[in-house]
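Let us check a few of them, one by one.

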Amino acid sequence: ACSTRMSEAHAGAFEASLQALQHVPFQAALVTDNEGVVLLRAGEIADGSLQRMAATYAQSSEHVATKLGMGKNRTVTATYENAVVVHASCAPLVLTLMADAQANIGLLLDAVPTITAALEPLRLAAEVAA
């Protein structure tokens, strides 16, 4: 189930878009603003570590990519002993997906455009509010 601080329509669209991950050992997904405030959440998150990672991504990735002259950052993938985490920028929002360590990273990355498209109304509302 999906919990939210935003409208039920945004939560419903987000949850429906996560069907793109049906063949991935998916654990959790978060949508945060660029300060790390959770706007939408799906799946089980044991502690606040995923939220902290999303906030760190939002604050540092754009800065580093700009300094390196690499252009705008789209995604960052991190692999850990027990999990794979994909952060995707849909400024001013950050989408964070977490799956089991053996998850197919390509399938996670392939799902990002579907999920971010479903987040577009929320992204526009957050952009206006910012």
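**Checking the labels**

Ser-17 is found in helix H1. The model is predicted.

Q: What makes Ser-17 buried or exposed?
A: Its relative accessible area is 6%. The cut-off for buried is under 20%. Ser-17 is therefore buried.

Q: Which residues does Ser-17 touch, not counting residues up to four places away in sequence?
A: Ser-17 touches Thr-114, Ile-115 and Ala-118. Contact here requires heavy atoms within 4.5 Å. The C-alpha atoms of Ser-17 and Ala-118 are separated by 6.3 Å. Along the chain these two are 101 residues apart.

Q: What else describes the packing of H1 and H3?
A: Two packed helices are described by the angle between their axes and the distance between the axes. For H1 and H3, the axes are 8 Å apart. Their crossing is right-handed.

Q: Which residues meet where H1 packs on H3?
A: H1 brings Ala-13, Phe-14 and Ser-17. H3 brings Thr-114, Ile-115 and Ala-118. By class, this contact has four nonpolar, two polar and no charged residues. Ala, Phe and Ile are among the types that count as nonpolar.

Q: Why is Ala-20 called partly exposed?
A: Its relative accessibility is 38%. Buried needs under 20%, and exposed needs over 50%. The value falls in between, so Ala-20 counts as partly exposed.

Q: Where is Ala-20, and which residues is it in contact with beyond four places in sequence?
A: Ala-20 is in the loop between H1 and S2. Leaving aside neighbours within four places, Ala-20 is in contact with Ala-111 and Thr-114. Ala-20 and Leu-107 are 8.6 Å apart, C-alpha to C-alpha. In sequence they are 87 residues apart.

Q: How many residues does the largest nonpolar core have, and which have the most contacts inside it?
A: The core has 26 residues. Those with the most contacts inside it are Phe-14, Leu-95, Leu-97, Ile-115 and Leu-119. H1, S2, S3, S5, S6, H3 and H4 each supply at least two residues of this core.

Q: What does Leu-95 touch, not counting residues up to four places away in sequence?
A: Its partners include Phe-14, Leu-30, Val-86, Ile-115 and Leu-119. His-87 and Thr-116 are also among them.

Q: How do you know which form, cis or trans, the peptide bond from Ala-91 to Pro-92 takes?
A: Look at omega, which is near 10 degrees. The bond is cis. Most peptide bonds are trans. Pro-92 is in the loop between S5 and S6.

Q: What does the whole chain come to?
A: The protein chain has four helices and six strands. Along the sequence, the pattern is β-α-β-β-α-β-β-β-α-α. Buried residues make up 41% of the 130 residues.

Methods: Residues are numbered from 1 along each chain as its sequence is written. This is a predicted model: local features need pLDDT of at least 70, side-chain atom pairs count only at pLDDT 80 or more; totals for chains, interfaces and linings use all residues. Side-chain values use heavy atoms; hydrogens and water are left out. Axes are lines fitted to C-alpha atoms, for helices over the stretch in contact, and angles run from 0 to 180 degrees between N-to-C directions. A crossing is left-handed if the near helix is turned anticlockwise from the far one by less than a right angle, and right-handed if clockwise. A nonpolar core is a set of buried Ala, Val, Leu, Ile, Met, Phe, Trp, Tyr and Cys residues joined through side-chain atoms within 4.5 Å. Buried means under 20% relative accessible area, exposed over 50%, partly exposed in between (1.4 Å probe, protein chains only).
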